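Keep your viewer open, and select each stop as we reach it.

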Amino acid sequence: MVNKIMILEDDEAIAELIRFYLEEEGFQTSISSKGEGFVDKVAEYQPDLITLDVLLPDADGFNIFRMLQQDERTMDIPVVFVTVREGEKEKRIRMGASGYIVKPFKKDELKETIKSI
């Protein structure tokens with residue numbers, strides 16, 4: 001069961017919107033705005049799920065995803081991409097993502113995706 005969710009999102013307004021929607025459903029959240037050091041932050045927080053932006057100013061979200069998959073401390077944590085990049089859902093699910101949401105997203109889409117994991 002998912003209780004703790006870590007959000008990696010560089011846009012503060014979107015990060016707070018995701019937090020609001022998830023906390024409204026009773027999830028605990030933690031927000032990070034930087035890709036640098038994110039894997040260590042995840043290992044420390046031990047979330048049940050991660051929402052991961054793809055386009056970050058200091059890192060590539062897909063590279064962060066690969067690092068999460070390769071680190072024994074984080075490899076079993078489901079990841080949902082939340083991005084403006086359309087048309088990549090099938091490819092990213094094949095690479096191991098648990099979900100893929102395109103911005104702008106609807107509140108119900110986010111909640112349903114998280115609850116389905």
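Two strands pair if DSSP finds at least two bridges between them; helices (H or I, at least four residues) and strands (E, at least two) are themselves DSSP runs, numbered from the N terminus. What you see is a predicted model, where local features need pLDDT of at least 70 and side-chain atom pairs count only at pLDDT 80 or more, while totals for chains, interfaces and linings use all residues. Residues are numbered from 1 along each chain as its sequence is written, and side-chain values use heavy atoms, leaving out hydrogens and water.

**Stop 1: strands E4 and E5**

Select residues 99-102, which form strand E5. E5 runs parallel to E4, and four bridges join the two. Look for valine 82: its bridge partner in E5 is isoleucine 101. To get from E4 to E5, the chain passes through helix H4 (residues 89-94), making a right-handed β-α-β crossover. Right-handed here means that, with the strands pointing away from the viewer, the path from the first strand over the helix to the second runs clockwise.

**Stop 2: the other neighbour of E4**

Now select E3, which pairs with E4 in the parallel sense over three bridges. Leucine 52 stands opposite phenylalanine 81 in E4. The chain crosses from E3 through H3 to E4, and this β-α-β crossover is right-handed too.

**Stop 3: both faces of E4**

In a regular strand the side chains alternate between the two faces of the sheet. Which residues of E4 lie on each side? Val79, Phe81 and Thr83 are on one, Val80 and Val82 on the other, and all are buried (under 20% relative accessible area; exposed is over 50%, partly exposed in between, with a 1.4 Å probe and protein chains only).

**Stop 4: the largest nonpolar core**

A nonpolar core is a set of buried Ala, Val, Leu, Ile, Met, Phe, Trp, Tyr and Cys residues joined through side-chain atoms within 4.5 Å. The largest one has 18 residues, and Phe38, Val42, Ile50, Leu52, Ile64, Leu68 and Phe81 touch the most other members. Strand E1 (4-8) and helix H2 (38-45) are among the elements that each supply at least two residues, but H3 gives the most, with four. A second, separate core of 14 residues includes Ile7, Leu49, Val82 and Phe105.

**Stop 5: glutamate 88**

Finish in the loop between E4 and H4, where you will find glutamate 88. Is this residue buried or exposed? Glutamate 88 counts as buried because its relative accessible area is 14%. Not counting residues up to four places away in sequence, glutamate 88 touches Phe62 and Tyr100 (contact means heavy atoms within 4.5 Å).
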